[in-house]
Every structure is written in structure tokens, then in C-alpha cells.
Amino acid sequence: MLQDATKTKDHQKSPPKSTPLLLVIAGAIIVVALTYVLPPFRNYQLATIGAYFCVTAGLTVLTGLNGQLSLGHGALMATGAYTLALWQNKFDLLLPGIALAVLVTTVVGGIIGLAAARLRGPYLAGLTLAVAVVVPSITSTFDKTFNSDQGLSVALDPPPGVIPVEQWQAWLCWAGALLTVLVLAYLVRGRFGRDLRAVRDDETAAKLAGVGVARTQVMAFVVSAACAGLAGALFAVLAQSVSPGAFPLTLSLFLLMAIVIGGLGRLTGALIGAVLLVALPSVAQSIAEDAGSQHLEGNLALTFFGVVLVLVMLAAPGGLAALKFPRRSRRQKG
């Protein structure tokens, strides 16, 4: 089912090269306008969507365009989050800290990508799953540095002027998200995107065409890891703390299901997936609170994602972003 969802229509005519930049500018205007009319909690949710958008955009490039299945992106987000926390608590310089978090996670992603380039199918999934399991154990092993299960607080200066913190968080997260989408949009439209699709569709044919299969797969993992590191750093800013419990294995599963539901290989699908990652758990929390059971919340969120995944795959195997509504070709006769 996952393999079928990756086969999108790549031969359609591409929009003009200026389209991504124009869309990003329009998106920035919309986000800024929304932050002035939404209440603080909704601004926080908007910021969370922006942070998720960073990682789902990178993951849909890796899985949707290159066909590599990753169950360890939650661990890559944790890498970025812990890097930022350690930096902030020592130097308290946010933007350099975010850049360092992206750099460190990119290096980790490159190491994983080198191993992943030799693996396929369930073996690749097993490798990334092992990464997701190893990261929490590292925080326990080096508890003096990472403070074990209690985690680390993130030292942050208050936003400038009289800007509410939730509004500032939304601006920061969506600045990262829109910059990520802009870079990815131009990458996938160029030779790199063509190489990704070629390797996904047929590795043998890609080799005969002169495409470096291993290099392309490693680069796909590096790009996706950088996006995950940025998302993790932004989540550290949102929560102002970092702990292993914030990046469980279920987070990686949610990320994968979100991009499949949204539409693999499409940045619009990554945006839909980011919205679902905030909306569905919020609905599950409301139902759990009404039922008076806190233990029900996590199971409900996973159940919701599972049900939505099945329904979407039955109705639209290409994801929600691939839905096409029929147009009326004839005028109704009065």
C-alpha cells in the first residue's frame, strides 16, 4: 500500500520556477495575519503545525520521492532538540543554536544514510527503528549531560517588545517551515528531484542512466535529517524543555502515517499531514477529557490515525493532496 502511494504523476507539466517563491510569500502573509486574529492557544497550535511541517516535508521527500522508509525521524528530531537545549543553556544564542542543531542532525543523518544506502525494505525499516530506540537510551547512559528522563530546560529570552510569546513562536516556526519548503521545492524540481524519482522507480535503470544510486539515497537522507533537526529545535523552543518522552517511537509512526494520508511525494501533502498531527491528537484529548480517562488519549490518537489512513487509502491511494474533484463539463439545462 505504501509503495502504491509513492507512485504519483511526476510527468505533469511543472509550474513556473517563480511559483514556489510566490507561494511562500503568500503563505508568510497569511500566517502573520492569522497570528493577529487568533487567540494565544490557537497561535501555539499554529506554531506547532509549522514545526511539524518542517519534518513532514523532509520525510515526504525521503519516503515519497526516494522510496526510503524511515521509522526513526522522531529520534532525529530529538537530536536537534537536545543540541539546541545544550547550546542555549550555555550560550543563549537562539539562531546560531538552531543552525547548530540542523548541522549536527545532518551529520547524524549522513551516517545513518550511509548504512541505509546498503539496505532495502524491512531491513531499512529495522535500522531506522533501532535508531529510534537507541536515542532514549543515550540520554539515560549519559545522564549527567542529558539529565536522563527528566530532560533539560531550554533557556530562552522573552520575545522583543510587547509581542506575545505564542505569536513570536508562530513567526519563528513558520519562518523555518517556509524556508524549508522553499529550499525543498527548488531541489525536487531540479536534477536532484529527477534522480530521486529515478532511483525510486528503478535502481537498475537509474544506474544505466548515470545516476549515482547510493549517493542519491544518502543525500535524500541528509536533506530529510536536516529538516527533522530543524523541527526538533523548533519543538524545543515551543516546549522550552527537552526530554526523551517528548520523542517516543509513536511519534515516528505518526509522522509516517501523516505523510501517507496527506500524500507522499507532495509538499502540499506534507502540510496536510502537519495539520493532522495537531488536529487529531487535539480531538483525541477532548474525547479523553470528556470520558474522564487520561490513558485513553494516546490510544485514541493512534486509532484515529489508523482509521483515517485506511479510509484515505481506500478513497484516494495517492493521499488527500492527490484528490481531484470532478468538474462539470456541461451546463445544466433549465
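The following dialogue explains the terms applied to this predicted model.

Visitor: What are the ground rules for the model?

Guide: Residues are numbered from 1 along each chain as its sequence is written, and side-chain values use heavy atoms, with hydrogens and water left out. As the model is predicted, local features need pLDDT of at least 70 and side-chain atom pairs count only at pLDDT 80 or more, while totals for chains, interfaces and linings use all residues.

Visitor: How many helices and strands does the protein have, and what makes a run one or the other?

Guide: There are 14 helices and two strands.

Visitor: Why is the pair of Y52 and F235 called edge-to-face?

Guide: Rings of Phe, Tyr and Trp (its six-membered ring) pair if their centres lie within 6.5 Å; planes under 30 degrees apart count as stacked, over 60 as edge-to-face and the rest as tilted. The centres of the Y52 and F235 rings are 4.7 Å apart and their planes stand at 65 degrees, so the pair is edge-to-face. Y52 lies in helix 3 (residues 40-65) and F235 in helix 11 (residues 213-239), 183 residues apart, so the pair links distant parts of the chain. By the same rule the count comes to six aromatic pairs.

Visitor: Why does T180 count as buried?

Guide: Buried means under 20% relative accessible area, exposed over 50% and partly exposed in between (1.4 Å probe, protein chains only). T180 has 8% relative accessibility, so T180 counts as buried. T180 is in helix 8 (residues 165-189) and touches C54, C227 and L230, not counting residues up to four places away in sequence; contact means heavy atoms within 4.5 Å. Y52 and F235 are both buried as well, and 47% of the 334 residues of the protein count as buried.

Visitor: Is S148 buried or exposed, and what sets its phi apart?

Guide: S148 has a relative accessible area of 17%, so S148 is buried. The phi of S148 is positive, about 50 degrees, although S148 is not a glycine. Most residues other than glycine have a negative phi. S148 is found in the loop between helix 7 (143-146) and strand 1 (152-153).

Visitor: Why is Q240 called partly exposed?

Guide: The relative accessible area of Q240 is 37%, so Q240 is partly exposed. Q240 also has a positive phi, near 55 degrees, and sits in the loop between helix 11 and strand 2 (241-242).

Visitor: What makes a space a pocket or a cavity?

Guide: On a 1 Å grid over the protein atoms alone, a cavity is a set of points where a 1.4 Å probe fits but cannot get out, whereas a pocket is an open set with protein on both sides within 12 Å along at least five of seven lines; lining residues have an atom within 4 Å of a point. Grid points are joined across faces, edges and corners, and a volume is the space filled by probe spheres set on the points. The second largest pocket holds about 830 Å³. Of its 31 lining residues, the closest to its centre are T48, Y52, F235, L277 and P281. Helix 13 (267-291) gives the most to that lining, with seven residues.

Visitor: How many cavities of 30 Å³ or more are there?

Guide: The structure holds two.

Technical notes. Helices (H or I, at least four residues) and strands (E, at least two) are DSSP runs, numbered from the N terminus.
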